[in-house]
Amino acid sequence: MQPVFEKSLTPAPATRETSPRLNINVVFTSVDATLAALKEAGRLANHLSAHITLVVLQIVPYPLPLTSPTVSVDWNERRIRVIANKSPVETIIHLYLCRDRFETLLSVLKRGSLVVIGGRQHWWWPTPEKTLARTLRRAGHEVIFTGTE
């Protein structure tokens, strides 16, 4: 497995509950697709009394050290917080600096996780988001795909 650098951005401790709740994972794909996925995950979370974990994978090319990505982690963190604030329920952000997005996702998601992915939906050719959804289903996760136009 490739090394991974993780940064967790969580709500203030006063708002966190100690009882275990269902977790809905939303994988960041693009801004519009992730907003659609967060909307769907929020609808599910309200019905299931769950919380949302936004999983953001930032790929770092091999010539660079894993802790020195091409895009600033602070800039990406601010951008992701703005997106996560649009979620109607408690959302925890996990930002991973990694080399391989599939390998990282498979290592950080618990087996059988509920995952919501947003992306373009073309019936004639699989999009990268559809390929990701298919890979996660094959790995044993429950995946909901939310199409955007």
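How are α3 and α4 oriented to each other? The views below, taken from a predicted model, begin with this pair.

**View 1. Helices α3 and α4 are oblique to each other.** Helix α3 spans residues 101-108 and helix α4 spans residues 128-138. Their axes come within 11 Å and cross at roughly 40 degrees. Angles under 35 degrees count as roughly parallel and those from 65 to 115 as roughly perpendicular, and α3 and α4 are therefore oblique. The crossing of these two helices is right-handed.

**View 2. Residues at the contact of α3 with α4.** From α3, the contact takes in Arg-101, Phe-102, Leu-105 and Leu-106. Their partners in α4 are Pro-128, Leu-132, Thr-135 and Leu-136. By class, six of the contact residues are nonpolar, one is polar and one is charged.

**View 3. Helices α1 and α2 in a right-handed crossing.** Helix α1 covers residues 31-48, and helix α2 covers residues 73-84. The two pack at an angle of about 40 degrees, and their axes lie 10 Å apart. The helices α1 and α2 are therefore oblique to each other.

**View 4. Residues at the contact of α1 with α2.** On the α1 side are Val-31, Thr-34, Leu-35 and Leu-38. These residues meet Arg-79, Ile-83 and Ala-84 in α2. The contact divides into five nonpolar residues, one polar residue and one charged residue.

**View 5. The charged end of Arg-101 over the ring of Phe-102.** The charged end of Arg-101 is placed 5.7 Å from the centre of the Phe-102 ring. Arg-101 and Phe-102 also belong to the α3 residues that meet α4.

**View 6. The charged end of Lys-130 over the ring of Phe-145.** Here the charged end of Lys-130 lies 4.5 Å from the centre of the ring of Phe-145. As for pairing between aromatic rings, the structure holds zero aromatic pairs.

How values were computed: Residues numbered from 1 in each chain as written. Predicted model: local features only at pLDDT ≥ 70, side-chain atom pairs only at ≥ 80, totals over all residues. Heavy atoms only, no water. Axes fitted to C-alpha atoms, helices over the stretch in contact; angles between N-to-C directions. Helix = DSSP H or I, 4+ residues; strand = E, 2+ residues; numbered from the N terminus. Parallel < 35°, antiparallel > 145°, perpendicular 65-115°, else oblique. Left-handed = near helix turned anticlockwise from the far one by under 90°. Contact = heavy atoms within 4.5 Å. Nonpolar A, V, L, I, M, F, W, Y, C, P; charged D, E, K, R; others polar. Phe/Tyr/Trp six-rings, centres within 6.5 Å; stacked < 30°, edge-to-face > 60°. Lys NZ or Arg CZ within 6 Å of the ring centre and 35° of its normal.
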